[in-house]
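Me: I would like to go through this structure with you and ask, term by term, what lies behind each label. Please set every value against its definition.

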Amino acid sequence: MKKHTLKMAGCLLFCALLGAGGLSFYVLPQKEYSDLENRLLQTRPEFVLEDLQNGSYQEHYETYLNDQMPGRDKWVQAAAKMQQFIGKKDINGVYLGKDGYLLEKFDTSAYDPAQAQENITYLSQFLNSAVQQYGSDRVCCIILPDKAGAMPGKLPDKAGGSNAQQADTIARLQKSLDDPGILLDMQPELFKHQEEPIYYRTDHHWTTLGAYYAYRRWADATRHTALPLDSYQIETAFDDFYGTTYNKAQIRVPPDKVELFHSAYENGITVDDGETVSDSFYFKEAATKGFNRYQVFFSRNTAKIHIRTNAGTGRSLLVIKDSFANCFVPFLAGDYEQILMVDCRYVSENIHDMLKNHDEITDVLVLYNITKFMQDKNLHKLDKKADGREAFDAESFFDE
């Protein structure tokens, strides 16, 4: 009798827990976005008979149950911790590196050689045209390595380092230029500083210190004078940054610091993104609204940002860029009276047509992370014959 009672109690307890778990999906508020995973979550799908018949309702409902599971973040972290415990060197395409560094693996399955070659063609034609118009001493292209390329010493043992596709892409780009000297491969420069925090531990972007070393190399190559490092007032804007690489791996490591390098050249600037005008490169409030503290630099990625300074040099710069340029451009405030930042992912104009409306431009800089450059599907906007119109790339938006 006693044994039967214990079995019944256990069965009732199990049913109660099962019922409570099911009820929690309807009682607890739904989350629409996960800061931890940096993605939109599936909310409860609306019942539509047609969706039920074609099977889409069932698929969405299954995703909803997964995304809205009570304590989901804790379960995701526990699963990642278990994989680390059994000795896995990478989780969800992220190497668990030394000194708490999380380094994204190069996804060979996402490498499209035709797309990479197309981008080489578009960019080289644009740069060759720019050299003809402005002169080779006024045109520069910076290609940045990913974190594993810049800091191979942080990779786990036997993880591999160099990437043949990336190296081949840079070599083919340089070969296609009329003046190969305008291309600056920053991997050797950043490699020299790999024991310093030049990339964030938890994010794919470089730090402001990494951008400074690139700025110093750029200044040497373009006959500008770089300010010495000790002339900047360094401010720690945040010390709690967990970025996109952490979101993929879900392995707890120390948070990153986001630093701002202030100089006197910031005084009197204006930053106009087409919607708001600011007197600063830095937007702390915007960076606190979500997980992405890197948004302190210019607040967000957008089609165009027009910067005016008090440099008094008589020179204006066009920057064709991805998000890595956001913490690099403030270093140029003493070199140019105007800086026009353009992101091909979001701009609707053809770049050549845009330049016709900006005859003040005297210099051109292209700055791209090598992986993003290889994958970008918007560089046709650099082609004189293209109309520049393309649909918004949501995947790139959330990844940046």
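Reply: Let us start with a pair of strands: strand E12 (residues 304–308) and E14 are joined by 5 bridges and run antiparallel, and within this pair Arg308 stands opposite Gln338 in E14. The model is a predicted one, in which local features need pLDDT of at least 70 and side-chain atom pairs count only at pLDDT 80 or more, whereas totals for chains, interfaces and linings use all residues. Residues are numbered from 1 along each chain as its sequence is written, and side-chain values use heavy atoms, with hydrogens and water left out.

Me: What makes E12 and E14 a pair?

Reply: Two strands pair if DSSP finds at least two bridges between them, and the 5 bridges that join E12 to E14 meet that requirement. Strand E13 (residues 316–321) is also joined to E14 by 5 bridges, but these two run parallel, with Val342 in E14 as the bridge partner of Ile320. In general, the strands of a sheet pair through backbone hydrogen bonds, either parallel or antiparallel.

Me: Why is E14 described as largely enclosed?

Reply: Buried means under 20% relative accessible area, exposed over 50%, and partly exposed in between, with a 1.4 Å probe and protein chains only. Because 5 of the 5 residues of E14 are buried, the strand is largely enclosed by the rest of the structure. Gln338, Leu340 and Val342 point one way from E14 while Ile339 and Met341 point the other way, and all are buried. For the protein, 50% of its 400 residues count as buried.

Me: Is Arg345 called buried or exposed, and on what value?

Reply: Arg345 has a relative accessibility of 6%, and therefore counts as buried. Its place is in the loop between strand E14 (338–342) and helix H12 (351–356).

Me: What makes the link between Arg345 and Asp343 a polar contact?

Reply: A polar contact is a pair of N or O atoms within 3.5 Å; within protein, one must be able to donate a hydrogen and the other to accept it, and residues adjacent in sequence count only if both atoms are side-chain atoms. The side chains of Arg345 and Asp343 are joined by such a contact at 2.5 Å.

Me: Which strands are called the edges of the sheet of 8 strands?

Reply: The order of this open sheet is E7-E6-E15-E13-E14-E12-E10-E11, with mixed pairing, and strand E7 (183–185) and strand E11 (277–278) are its edge strands, since each pairs on one side only. At the E11 end, strand E10 (residues 270–272) is joined to E11 by 2 bridges and runs antiparallel to it, with Val271 opposite Ser278 in E11.

Me: How do you know that helix H7 packs on this sheet?

Reply: Helix H7 (residues 164–175) touches strand E6 (139–144) and E7, where contact means heavy atoms within 4.5 Å. The direction of H7 makes about 160° with that of E7, the angle running from 0 to 180 degrees between N-to-C directions of axes fitted to C-alpha atoms, for helices over the stretch in contact.

Me: What span is expected of helix H5, and what span does it reach?

Reply: The expected span of a helix is 1.5 Å times one less than its number of residues. Helix H5 (residues 113–134) has 22 residues and reaches 31 Å from its first C-alpha to its last, close to the expected 32 Å. Asp112 caps its N-terminal end, with a side-chain oxygen 3.0 Å from the backbone nitrogen of Ala114, and H5 is followed by Gly135, whose phi is positive, near 100°.

Me: How many helices and strands are there, and what counts as one?

Reply: The protein has 14 helices and 15 strands, where helices (H or I, at least four residues) and strands (E, at least two) are DSSP runs, numbered from the N terminus.
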